[in-house]
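Open the model in your viewer and keep the selection tool at hand. The tour goes stop by stop.

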Amino acid sequence: RVQLVESGGGSVQPGGSLTLSCVASGYTTDTNAMAWFRQAPGKEREAVASIYTGTGNANYADSVKGRFTITLANAQNTLYLQMNTLLPEDTAMYYCAAAHGFVFRPLSAPEFDVWGQGTQVTVSS
């Protein structure tokens, strides 16, 4: 079973950039999709972006389109989230997730069955 560990979170000013990483270890061959979700204090978890491991096709939440880019590298064992033009509304704990079955709804949390511990992103002046 795959294990996920996020890193790269931190504090940044509005308009700044940050890149998150998620390292997958263990058995990763059967991972069909990976994604980033985020959750602010007192808020529901929401999708940020996802990517199909086989095709590289990506999906983004409307709130981050044009600003964030999800990529898969290092023999598909490392997931990245490049975040540009960050807004205070982007402040949240960001979680990496993986799915073993085929994902029909790439921005739906129940599709994913393995989760990382999260990395905090804070955007403020």
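**Stop one: the disulfide**

Select Cys 22 and Cys 96: they form a disulfide, with their sulfur atoms 2.1 Å apart. The term covers a pair of cysteine sulfur atoms within 2.5 Å. A search of the whole structure finds one such link. This is a predicted model, so local features need pLDDT of at least 70 and side-chain atom pairs count only at pLDDT 80 or more, while totals for chains, interfaces and linings use all residues. Residues are numbered from 1 along each chain as its sequence is written, and side-chain values use heavy atoms, with hydrogens and water left out.

Look along the S-S bond. The angle about it is -75°, and the link of Cys 22 and Cys 96 is left-handed. Now show the strands. Cys 22 lies in strand β3 (residues 18-25) and Cys 96 in strand β9, so the pair ties together parts 74 residues apart in sequence. Strands here are DSSP runs of E, at least two residues long, while helices are runs of H or I of at least four; both are numbered from the N terminus.

Are these two cysteines buried or exposed? Cys 22 is buried, at 0% relative accessible area. Cys 96 is buried too, also at 0%. Buried means under 20% relative accessible area, exposed means over 50%, and partly exposed is in between (1.4 Å probe, protein chains only).

**Stop two: the aromatic cluster**

Next, select Phe 37, Phe 112 and Trp 115. Ring pairs link these three into a cluster. Rings of Phe, Tyr and Trp (its six-membered ring) pair if their centres lie within 6.5 Å; planes under 30 degrees apart are stacked, over 60 edge-to-face, the rest tilted. The count comes to four aromatic pairs by this rule.

Take Phe 37 with Phe 112. Their ring centres are 5.5 Å apart and their planes stand at 75°, so this pair is edge-to-face. Phe 37 sits in strand β4 (residues 33-39), and Phe 112 in the loop between β9 (92-99) and β10 (114-115), 75 residues apart. Phe 37 is buried at 2%, and Phe 112 is buried at 5%.

Keep Phe 37 and switch to Trp 115. This pair is tilted: 4.9 Å centre to centre, 55° between the planes. Strand β4 holds Phe 37 and strand β10 holds Trp 115, 78 residues apart. Trp 115 is partly exposed, at 26% relative accessibility.

**Stop three: a charge over the ring**

What sits over the ring of Trp 115? The charged end of Arg 45 does, 4.5 Å from the ring centre. The rule asks for NZ of Lys or CZ of Arg within 6 Å of the ring centre and within 35 degrees of the ring normal.
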